[in-house]
Structure formats: C-alpha cells, structure tokens
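Here are a few exercises to work through with the model open beside you. Try each task before you read its solution.

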Amino acid sequence: MAIRTVTVIGAGVLGIQIALQTARHGFDVIAQDISDEALAKAREALDAIAAQMQADLKLGTMTSPPPARARLSLTTDLAQAVANADLVIEAVPENPQIKRDLYARLAPLMKDGAILATNSSTLLPSELAGATAQPDCFLALHFANHIWRHNIAEIMGHPGTDPAVRDEVQAFAKAIGMVPIVLEKEQPGYVLNSLLVPFLQAAAALLVDGVTAPQDVDKVWRIATGAPLGPFQIYDIVGLNTAWHISSAGGPKAQEFARLLKRDFLDKGKLGVASGAGFYTYS
Ligand SMILES: NC(=O)c1ccc[n+]([C@@H]2O[C@H](COP(=O)([O-])OP(=O)(O)OC[C@H]3O[C@@H](n4cnc5c(N)ncnc54)[C@H](O)[C@@H]3O)[C@@H](O)[C@H]2O)c1
C-alpha cells in the first residue's frame with residue numbers, strides 16, 4: 001500500500017479520533033488546526049480519547065513513552081502539515097464554504113497524486129470535487145463517532161474518482177482497524193444515515209402521535225429484533241440538542257417532536273447521556 005504518511009485537517013471531535021486511531025496503527029500522522037487554542041483543546045481531547053480507547057479495547061498503556069502519541073504531531077502550519085502527506089483527511093466543520101476554501105488553499109501545497117478524503121457526513125463528494133486540485137484523487141472516507149469502537153468506514157467516491165484511489169483508501173481503512181465498506185454510487189447519508197434517520201423519525205412519530213411510551217417503543221425493537229438499543233436510547237446517545245436542531249428544520253411532525261424535546265427535556269437540562277438524563281437516566 002502506498003499510503004504511509006497521513007495528515008488530518010481539523011483536530012475537533014472526529015479529527016482527533018481519526019488521528020489517534022491512525023497513529024495507533026503505526027502511521028506517521030500530523031493533525032492540523034487553525035489556532036493554538038484549537039490545538040490546546042485537541043491535546044486535552046487526545047488524553048481523554050486515549051484513556052477511553054485503552055479502557056474500551058483493554059490496551060496496554062499508551063503513556064510514558066506513548067508510542068502512538070510519538071507518531072502524532074499537532075500543528076497550525078498547513079503547508080508543513082500536508083507537504084509529505086500521502087493521504088489528507090479533512091475533518092473541518094460541516095460547512096461547504098469552509099471546505100471549499102480549504103481545498104483551494106491545499107491545491108498548491110499537496111504532493112502530486114496525494115489523496116484527499118473528506119469525512120463530511122452530509123455533503124456529497126461531487127459537490128466538493130470541483131474545489132480540489134485533483135478531483136480523481138478525491139473521495140469521502142466517513143467514520144462514525146468513537147471510531148475505535150464503532151469501527152465502520154464508509155468509502156464513497158464521486159463519478160470522477162479514480163478506482164485505484166478508492167482501493168488504496170479501502171486498504172488504508174483496513175490497516176487502521178476499520179471495517180471498510182465501499183459504496184458503488186453517491187448516497188446522501190451513506191448507508192448508516194440512510195437507515196438510521198428514517199428509523200429515528202418513525203420512532204419520534206410514534207411518540208408525537210401518543211401511540212406508546214418511548215421505553216415501550218424501545219422494548220418492542222430490542223426484544224423483537226435482538227438489537228441492543230431502541231431508537232430512544234439512540235436519541236440519548238446522539239444528544240437531544242442535536243436531535244432538536246435536526247427536527248426543528250424538518251416537516252410538521254418533526255417540528256412537533258422538536259417542541260416536545262424542548263419542553264420536556266432541553267428546558268429541564270436533560271440532553272441525553274452527556275448530561276446524565278434524557279429519555280433514560282444515567283449514572
Ligand atoms: N461529530 C460527529 O459525530 C461526526 C461523525 C462523522 C463525521 N463527522 C464529520 O466530521 C467533520 C468534522 O466534524 P466534527 O464534529 O469533528 O467538528 P468539530 O467542530 O468538532 O471540529 C472541527 C475542527 O476543525 C477546525 N477548523 C475549522 N476551520 C478549519 C480550517 N480552515 N482548517 C483547519 N481546521 C479548521 C476547528 O477549529 C475544529 O477543531 C464534519 O464534516 C462532520 O460532518 C462528524
């Protein structure tokens with residue numbers, strides 16, 4: 001496999017997870033962000049995630065000397081960050097203009113033939129490819145939050161992506177402990193959200209229509225299908241603030257759900273697992 005050095009741009013929630021997961025599997029990684037403040041936050045996140053990874057995966061110590069951390073450096077210098085990268089993974093905010101501006105700045109800085117992958121959850125590669133210097137070397141490589149545990153990587157090119165690039169990214173994803181899934185065509189929301197979003201919306205409609213209690217909806221789903229979690233348990237994990245944001249922008253039923261979330265949960269400080277209470281309470 002040709003990919004040896006990897007740069008992650010945007011050391012936020014997902015970027016720092018991707019950087020650490022990649023370093024942990026023996027790659028040299030640079031994580032780049034826009035300010036020293038952002039990097040300070042990233043360092044803190046790195047410690048927290050390393051500890052979580054260790055506990056979840058029952059790993060040996062990742063500190064003193066930290067082999068994965070030693071392969072991972074942080075910088076604000078974009079040119080230096082990407083000069084030697086075989087693969088650049090973009091994980092900046094979900095705003096097409098921020099992503100396009102970044103790609104334009106990357107154009108003269110990246111090596112010829114280097115691969116650029118976006119981690120965007122909602123934008124299609126074809127919407128962004130025109131802003132890149134080498135559209136044939138551009139695709140989406142989408143990770144899920146807590147990537148060391150939820151280790152699926154969806155790989156989605158646009159019609160102009162070179163199939164060899166797709167293959168290299170697939171091999172890379174495997175090499176960092178992911179289960180790579182290649183999508184044969186562009187699909188908004190990939191496979192995961194194509195299934196999850198309608199599922200969660202259907203659960204919300206059952207609640208809004210007063211059909212039965214959230215806990216009973218979850219019980220039906222868990223017992224009848226053997227799934228470990230019901231939809232309202234998933235809402236608590238996603239975060240009720242995020243659910244409120246998304247529902248507020250939806251149709252009439254979704255907006256009714258948004259009002260319910262605000263009245264019964266957000267206004268009472270119940271944001272889901274993160275705040276200790278949502279549809280369920282957590283210790
Ligand atoms: N959060 C999730 O659960 C999740 C899951 C899968 C995919 N994603 C995708 O990952 C991407 C990042 O999401 P996130 O939740 O990590 O966001 P985030 O806001 O936590 O992190 C974004 C980081 O990018 C930095 N940044 C902003 N502009 C930049 C620039 N021009 N150059 C370099 N860094 C810049 C910010 O300072 C911040 O640290 C989005 O495209 C999102 O759709 C997020």
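**Exercise 1.** Find which residues of α10 are buried.

Solution. Start with the list: Pro231, Phe232, Gln233, Ile234, Tyr235 and Asp236 are the buried residues of α10. Buried here means under 20% relative accessible area, with a 1.4 Å probe and protein chains only. That's 6 of the 8 residues in α10, so to speak a mostly covered helix. Helices are DSSP runs of H or I with at least four residues, numbered from the N terminus. Next, look at the partners: the buried residues pack against α8 (190-208), α9 (214-225), α11 (240-248) and α12 (252-264). Finally, step past the end of α10 to Gly239, which follows the helix and has a positive phi, near 105 degrees.

A quick note on ground rules: this is a predicted model, where local features need pLDDT of at least 70 and side-chain atom pairs count only at pLDDT 80 or more, while totals for chains, interfaces and linings use all residues. Residues are numbered from 1 along each chain as its sequence is written, and side-chain values use heavy atoms, with hydrogens and water left out.

**Exercise 2.** Work out what kind of aromatic pair Phe232 and Tyr235 form.

Solution. First place the two residues: both sit in helix α10 (residues 231-238), 3 residues apart, about one turn of the helix. Then take the geometry: the centres are 5.7 Å apart and the planes make 35 degrees, which is tilted. The rule is that rings of Phe, Tyr and Trp (its six-membered ring) pair if their centres lie within 6.5 Å; planes under 30 degrees apart are stacked, over 60 edge-to-face, the rest tilted. Now widen the view: ring pairs join Phe232, Tyr235, Phe257, Phe265 and Phe279 into a cluster. The structure has 8 aromatic pairs.

**Exercise 3.** Decide whether Tyr190 is buried or exposed, and find what it touches.

Solution. Begin with the location: Tyr190 lies in helix α8. Its relative accessible area is 1%, so Tyr190 is buried. Then skip its neighbours within four places in sequence, and you'll find Tyr190 in contact (heavy atoms within 4.5 Å) with Ser120, Ser121, Ala140, His142, Glu154, Met156 and Leu183.

Methods. Buried means under 20% relative accessible area, exposed over 50%, partly exposed in between (1.4 Å probe, protein chains only).
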